[in-house]
Amino acid sequence: MSEHIIVDPVTRIEGHLRIEAKIDDNNVITDAYSSSTMFRGIEEILKGRDPRDCGLLAMRICGVCTGTHYQRSIEAVEHAFDITIPKNARLVRNLVQGALYLHDHVVHFYHLHGLDWVDITKALEADPKKAAAEALKWAKTPYGASEGELLKVKERVAKFVKQGRLGPFAKGYWGNKSYKLTPEQNLIATAHYLQALDLQRDAAKMMAIFGGKMPHPQSFVVGGVTCVQDIQNPSRISLFKTLLKKFRAFIKDAYIPDILMAGTEYADEALDGTGAGLMNFMSYGDFRLDDTGFYESELLFPKGIVKNGDLSKVYDVDQEKITEDVTHAWYKGSDNLHPFDGKTEPEYTGLEKKSDGYAYLKTDEKYSWIKSPLYDDERMEVGPLARMVVGYAKGDERITKYVNGFLKKGNLPAKVLFSTVGRTAARAIETELMADVMLEWVDELAANVAGGDLSTWTEFDFDKVSTKAMGYGMAEAPRGGLGHWVKVEDGQVVNYQAVVPSTWNAAPRDYKGRMGAYEASLVGTKVADPKQPLEILRTVHSFDPCIACAVHIVDSKGKELGSFKVDTSCAV
Amino acid sequence: MKVVIVGVGNILFKDEGIGIYASKYLQENFEYDDHLEVIDGGTLGFKLMTYYQDYDKVIILDTVSIKDESGSIYNIPSDELLGLGSYRQTAHEVEVVEMLEICSLLEKMAEVRLIGIVPEDIESVDIDLTDKIKGQFDNFINVCVKELEDSGCPMTPKARTLSCEQIIDAYANPTMERE
């Protein structure tokens with residue numbers, strides 16, 4: 001008899017993600033369904049506006065990738081107007097976006113995903129002396145993992161347990177059989193969890209140096225950047241570099257070693273491809289390395305497509321081949337249309353209450369607010385793994401070096417990449433690569449400015465270029481390919497569309513019944529305890545899901561809070 | 001004591017923008033001492049952590065989902081919010097409460113208060129507030145002002161003031177710097 005697991009029932013509209021999985025008698029997932037919301041309506045908000053202002057509203061789509069949406073929007077308009085930005089502007093944008101990658105990836109691994117691999121309660125059983133020796137196995141100079149430091153962490157966690165202040169740890173699936181690290185390894189990872197919490201502030205500061213006031217960056221404009229004073233100020237550049245070096249040390253001596261350590265302990269499931277999913281990977285490409293201009297420059301992350309995990313062939317990406325299918329999404333319509341021609345007419349058909357009292361997705365019909373994007377009629381995974389796989393298959397020198405370096409250190413074959421473990425490792429490999437290349441970019445920026453080039457903005461005749469224009473900003477957010485499309489007539493936006501990375505990964509089945517990336521990655525996974533769907537969370541979290549680009553309300557979940565109500569009836 | 005007011009919410013979804021408008025209103029209409037900062041946090045997610053770490057007191061302005069009439073205002077201490085997070089059981093992105101829980105492990109963390117209002121409409125895509133919430137805007141501001149006074153943050157109203165409508169309008173029609 002098959003059993004049905006539901007993770008996160010959708011009870012309200014705000015962008016939450018729900019996974020339903022069916023398991024067989026051996027607790028192996030036979031079918032999985034992903035349902036979520038998608039931001040809709042940016043088109044209506046931006047229609048009729050001055051295209052130079054779109055970024056200010058487009059960045060409100062998402063709270064985590066605020067800056068990415070901002071930049072994408074600006075670049076869609078620059079592409080439409082055929083503007084090539086100056087070198088300083090390109091480098092500043094790369095540095096701000098690069099800092100976002102470092103911030104996102106480190107916080108994702110330690111604070112949003114790490115506890116899917118690390119059993120923090122087991123850290124309390126660790127011997128700090130043995131743990132310090134263990135840390136030396138994975139790094140020559142381990143970050144914050146001496147015997148004394150580890151003992152302190154152990155005591156701190158013990159204190160929290162004693163006080164009942166376990167916060168996020170209170171609801172974990174501790175003791176679950178699919179946790180594989182030793183107590184000592186768990187202690188090392190816990191120490192890094194706490195250290196990363198402190199350090200992540202530096203990454204936020206880095207973004208603010210050239211991005212201006214956080215959390216909403218303001219220093220990018222159509223044509224370039226406005227932070228000309230910051231790039232001329234050597235102390236700003238040197239502060240950026242100092243913060244970057246500090247963060248980079250953590251990446252090299254904590255993050256990478258922890259991933260190697262976990263990757264080795266979980267190697268069996270990496271080797272058998274648990275969580276591999278679609279095996280189709282797409283990268284739009286990003287981070288321009290020269291000033292040739294849009295879609296012509298050499299890129300840090302090359303664009304391309306790898307199909308069926310075949311690393312011997314890379315296909316090109318042509319944005320015209322992107323379509324969206326609504327067969328299983330709560331919208332009207334049947335033809336697969338390019339996002340630019342797409343219609344978004346809701347047709348909500350609801351869930352179905354079954355005899356057990358639970359409401360289930362009607363998986364044969366429509367079951368998600370996310371449309372299913374297709375590339376040339378195929379399903380694609382996007383994100384760090386896609387970027388690393390495409391770069392590796394293309395023989396990109398830098399990516400190949402970092403991927404091979406990692407695999408060699410862990411004595412692992414390349415096929416481990418095609419798994420949940422591999423997806424999580426690819427993010428770490430990318431982070432190390434980014435931290436190193438950013439050091440080169442800071443120096444390049446400093447040298448360029450020292451050489452007398454202070455240009456940060458390319459002039460353009462707005463009235464002339466905006467009579468009739470169309471463009472797109474297609475690049476890579478930390479979570480994967482992000483595209484903004486814009487059409488301008490007589491100085492005003494007439495059409496605007498955005499396809500966010502998580503739509504590629506979290507989408508439902510398509511018109512041929514083919515699964516989306518999350519769905520495909522779950523099928524075949526064995527769940528140790530169906531009451532604790534740890535393996536499902538582990539795989540879905542490995543994609544770094546971000547679907548909450550809708551509303552952000554604090555939910556009291558029915559808790560009695562009446563005594564905190566403020567009486568305003570007699571307020572002045 | 002370093003205090004920060006963080007307005008949280010998404011201005012694209014009607015009443016969801018109340019925290020943002022209120023924080024802007026407080027920023028524009030009052031003079032403060034140096035130790036108070038006002039931030040438009042937008043839909044911050046995990047980037048909220050930095051504020052919990054860098055300040056002594058964080059006052060979050062947001063919408064709350066409580067079974068009560070829309071427009072009802074709550075001022076909730078962080079202890080009551082802990083435990084409401086669902087990070088471990090869900091697959092979605094983390095927010096105000098989840099970040100609070102993660103940060104509760106720090107040696108030092110700000111005292112956090114949530115001033116929240118029960119919204120009427122957070123589904124329509126529209127940069128505006130419903131009449132119901134607009135009618136409560138002044139009360140919402142008064143609760144914030146009182147909380148700031150209780151936190152030892154003296155504030156002086158500015159002579160020239162912006163109305164709630166003017167603030168919303170500025171968010172609905174933003175303009176970028178032109179060279």
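A residue is classed as buried if 20 or more other C-beta atoms lie within 10 Å of its own, as exposed if 12 or fewer do, and as partly exposed in between, with C-beta atoms placed from the backbone. The structure is a predicted model, in which local features need pLDDT of at least 70 and side-chain atom pairs count only at pLDDT 80 or more, whereas totals for chains, interfaces and linings use all residues. Residues are numbered from 1 along each chain as its sequence is written, and chains are lettered from A and ligands numbered from 1 in the order in which they are written.

Strands (E, at least two residues) and helices (H or I, at least four) are DSSP runs numbered from the N terminus; two strands pair if DSSP finds at least two bridges between them. In strand β3 of chain A (residues 29-35), five of the seven residues are buried. Six bridges join β3(A) in the antiparallel sense to strand β2 of chain A (residues 18-23), with A:Ile19 opposite A:Ser34. Five residues separate the strands of this hairpin, where A:Asn27 takes a positive phi near 65°.

Strands β14-β15-β16 of chain A, in that order, form an open sheet with antiparallel pairing. Its edge strands are β14 (468-477) and β16 (492-499) of chain A.
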